[in-house]
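Keep the model open beside the text.

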Amino acid sequence: MNKMTMLALANTILLAGSIHASIAAPVQVNITGNVIASPCTVDTANSNLNVTLGDIPATELATAGSYGGTAQTFTIALKDCPASTTKTVATISGTPYASDTNLFANTGTAAGVGVKIKPNAAAWTDTSVNPKQATWIQNVNSTTHAVSYVFDARSFTSVGSINPGTIVSAMQVAFTYQ
């Protein structure tokens with residue numbers, strides 16, 4: 001072998017050796033998660049998931065700022081909560097009533113009527129249950145492993161002079177567990 005070939009071969013061996021000699025920096029992989037409480041079951045036998053406001057005379061909704069009909073109490077009950085579940089969080093949402101966003105919208109034919117929902121023990125002036133995402137936390141009974149949310153619903157008008165028609169509204173409730 002001539003001197004040029006030997007030099008080329010030596011450079012190739014050095015170059016190949018330096019490629020394999022490169023060491024990458026170590027990479028850290030972060031792994032996270034949450035251990036969450038197991039869910040409860042909606043107790044349909046002890047829940048009122050269809051609330052009927054009944055027949056409301058239009059005269060009761062003739063004046064702006066008036067309630068119509070009587071309050072209808074309804075319950076959302078949960079059962080079979082695991083012993084490790086000590087609290088439930090109900091997040092309430094829905095479509096707001098155009099004239100008062102603290103009320104739930106009516107998609108029925110009686111225009112100008114909204115639906116007010118409040119905690120059963122609260123006054124009608126309470127605006128904490130609204131379609132803009134209200135959150136309620138209740139302790140789970142450690143003996144029965146059950147919990148209940150009790151509310152009242154009632155029609156309301158902020159405009160008055162309501163013509164006869166239907167009231168149709170919806171409230172969505174999502175539960176998380178602690």
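Which residues have the most contacts inside the largest nonpolar core? They are Leu78, Ile117, Tyr149, Phe151 and Phe175, in a core of 25 residues. A nonpolar core here is a set of buried Ala, Val, Leu, Ile, Met, Phe, Trp, Tyr and Cys residues joined through side-chain atoms within 4.5 Å. Buried means under 20% relative accessible area, exposed over 50%, and partly exposed in between, with a 1.4 Å probe and protein chains only. Strand 2, strand 3, strand 6, strand 8 and strand 9 are the elements that give two or more residues to this core. Strand 8 gives the most, with four residues. In soluble globular proteins, nonpolar side chains tend to be buried together.

A word on the ground rules. This is a predicted model, in which local features need pLDDT of at least 70 and side-chain atom pairs count only at pLDDT 80 or more, while totals for chains, interfaces and linings use all residues. Residues are numbered from 1 along each chain as its sequence is written, and side-chain values use heavy atoms, with hydrogens and water left out.

Now the overall layout. In sequence order the pattern is α-β-β-β-β-β-β-β-β-β. The chain has 178 residues, and 30% of them count as buried. Contact means heavy atoms within 4.5 Å. Among contacts between residues at least 6 apart in sequence, 81% join residues at least 24 apart.

Turn to the aromatic rings. A pair of aromatic rings is described by the distance of the centres and the angle of the planes. Rings of Phe, Tyr and Trp (its six-membered ring) pair if their centres lie within 6.5 Å; planes under 30 degrees apart count as stacked, over 60 as edge-to-face and the rest as tilted. By this rule the count comes to five aromatic pairs. Why is the pair of Tyr67 and Trp124 tilted? Their planes stand at 50 degrees, so the pair falls in that class, with the ring centres 5.4 Å apart. Tyr67 is in strand 2 (residues 66-79), whereas Trp124 is in the loop between strand 6 (113-119) and strand 7 (134-139), 57 residues apart. Tyr67 is partly exposed, at 24% relative accessibility. Trp124 is buried, at 19%.

Tyr149 and Phe175 form another tilted pair, 5.8 Å centre to centre and with 50 degrees between the planes. This pair joins strand 8 (residues 147-157), which holds Tyr149, to strand 9 (residues 172-177), which holds Phe175, across 26 residues. Tyr149 is buried, at 2% relative accessibility. Beyond four places in sequence, Tyr149 is in contact with residues including Phe74, Leu78, Val89, Trp136 and Phe175.

Go back to Trp124. Tyr67, Trp124 and Phe156 form one aromatic cluster. Which charged ends sit over the ring of Trp124? That of Lys118 does, 4.9 Å from the ring centre. That of Arg154 does too, 5.6 Å from the centre. For this, NZ of Lys or CZ of Arg must be within 6 Å of the ring centre and within 35 degrees of the ring normal.

Lys118 is found in strand 6. Is Lys118 buried or exposed? Lys118 counts as buried, because its relative accessibility is 3%. A polar atom of the Lys118 side chain lies 3.1 Å from the backbone oxygen of Asn120. Leaving out residues up to four places away in sequence, Lys118 touches Ala123, Trp124, Val129, Phe151 and Asp152.

The structure holds one disulfide, meaning a pair of cysteine sulfur atoms within 2.5 Å. Cys40 and Cys81 form it, with their sulfur atoms 2.0 Å apart. The link is right-handed, with 115 degrees about the S-S bond. Cys40 lies in the loop between helix 1 (3-21) and strand 1 (41-42), and Cys81 in the loop between strand 2 and strand 3 (87-93), 41 residues apart. Cys40 and Cys81 are both buried.

Definitions and conventions
A polar contact is a pair of N or O atoms within 3.5 Å; within protein, one must be able to donate a hydrogen and the other to accept it, and residues adjacent in sequence count only if both atoms are side-chain atoms.
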